[in-house]
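Please consider the backbone of the protein shown below.

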Amino acid sequence: MSELRFPEGFRWGAATAAYQIEGAVRDDGRGPSIWDTFSRTPGKVHQGHTGDVACDHYHRYADDVALMAELGLRTYRFSVAWPRIQPDGTGPVNPRGLDFYDRLVDALLARGIDPLVTLYHWDLPQALEDRGGWTARETAEHFATYATVVHARLGDRVRTWTTLNEPWCSAYLGYGNGVHAPGVRDAGAAFTAVHHLLLGHGLAARALRAAGAATVGITLNTGDIRPADPDRAADAAAVRLVDGLQNRIFLDPLLRAAYPDDVLDHTARIVEPTFLRDGDEKLIAAPIDLLGVNYYSPTYVAGRPGGAGNEAYPGTDGAVEFLPPAGPLTDMGWMIEPAGLTRLLERLAADYPGVPLLVTENGAAYPDKTGNDPAGEIVDTDRIAYLDGHLRAAHEAIARGVDLRGYLVWSLLDNFEWAEGYRKRFGIVHVDYLTQRRTLKASARWYQEVISRNGL
């Protein structure tokens, strides 16, 4: 393959999330989150795993930052745990929670690593969920207050802020099909949560901007939705429906200040949209400087009467068939199609021009085993191939004119993979959960070289 170089100043990094790596769920005044509750509910998480200890990053952050520096990371995306800052989601601020992120940011900057803060990566304070969670409008308002509190402590050193990570997951998996916390199964609640998450983003983005934040954005798991048969009208209609539920329901209000008419019509068949008030769409469309793109795999659909649909896409039952993934799969059972990333980035640039893009997550789970190499190294060639293919796809998008500013691998560390517990490993650094020993995988050394040469 030919050598490829990325633009000067391209942001190379890695991403994590608080509940997946921090542990220390009862330390220093942290309150319970919906994931603490959900993971303790029998049958919800693989083998009853919890994030109680996870990677113990809360106590080992200095060593983890040293690893990042060794790999040459330029950017580290992490999330702040709302329950550490406001244990009940509102009211008094817990200074010890802010102190941890103070220490983390200072450690990163001392190593020349740019901190990128995500304010919400799914760990809603349980006290707010007890009052309705994201189905309650007040949660959006409380989120903006929390954002202001965090910025007041870290804003003098953190220049890039993202409000939400993958509100699609928070809404549809948390309140629609119930496979994520808080475990609600109610299509109407899912759509209500979508709106309040977006409203929370808009209110928080405005608050951050007013406080002087330099760069404000949001991260979406936008999807590359493909028809089973490109020449079949029913399949094109299925693509439009699913694209509306995964992409346009978020992108249009964020970047066009209005929900798409076809999505509103679809939503109204399931729930009366009383949650949508005059002026909300204008609030949601607070100007952003960056759109985070999380991409793992494409979705192929067909329009078929009686199709099974998918609870994660409310209202698709009886009309849409989601095709099983084809070809070699990751350990999550996800299809590997790097070209989908090129298509997605091009589509975003064409349909929503003027907003710089950043790949905030991309990576793959594989069943890594220690000792599969005479030297003891974890030779994760499948992961290297996955990352190489997707970086080439990202480079192709840049070559076609997409304003892509950087790439953050998911994930730095093996970690608590939500409902899958600890059985799925996405990290480029292996974690022995019994000893907390970190071991660089071959993919970590490979990525180190990519960063050092700014290309492939």
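Between which helices is the place of Pro182? In this predicted model, Pro182 is found in the loop that lies between helix 8, residues 167-176, and helix 9, residues 187-210. The peptide bond that joins Ala181 to Pro182 is cis, and its omega is about 10°.

As background to this bond and to the backbone angles described below, most peptide bonds are trans, and most residues other than glycine have a negative phi.

A cis peptide bond also leads from Trp410 to Ser411, with omega near 5°. Ser411 has its place in the loop between strand 11, residues 404-410, and strand 12, residues 429-431.

The phi angles come next. Ala257, a residue other than glycine, has a positive phi, near 65°. Its setting is the loop between helix 10, residues 233-256, and helix 11, residues 261-268. Is Ala257 buried, partly exposed or exposed? The relative accessibility of Ala257 is 36%, so this residue counts as partly exposed; the partly exposed class lies between the buried limit of under 20% and the exposed limit of over 50%.

Gln436 is likewise a residue other than glycine with a positive phi, and the value is near 65°. Gln436 lies in the loop between strand 12 and strand 13, the latter comprising residues 438-440. Gln436 counts as buried because its relative accessibility is 7%, and buried means under 20%.

Conventions
Residues are numbered from 1 along each chain as its sequence is written. This is a predicted model: local features need pLDDT of at least 70, side-chain atom pairs count only at pLDDT 80 or more; totals for chains, interfaces and linings use all residues. Side-chain values use heavy atoms; hydrogens and water are left out. Helices (H or I, at least four residues) and strands (E, at least two) are DSSP runs, numbered from the N terminus. Buried means under 20% relative accessible area, exposed over 50%, partly exposed in between (1.4 Å probe, protein chains only).
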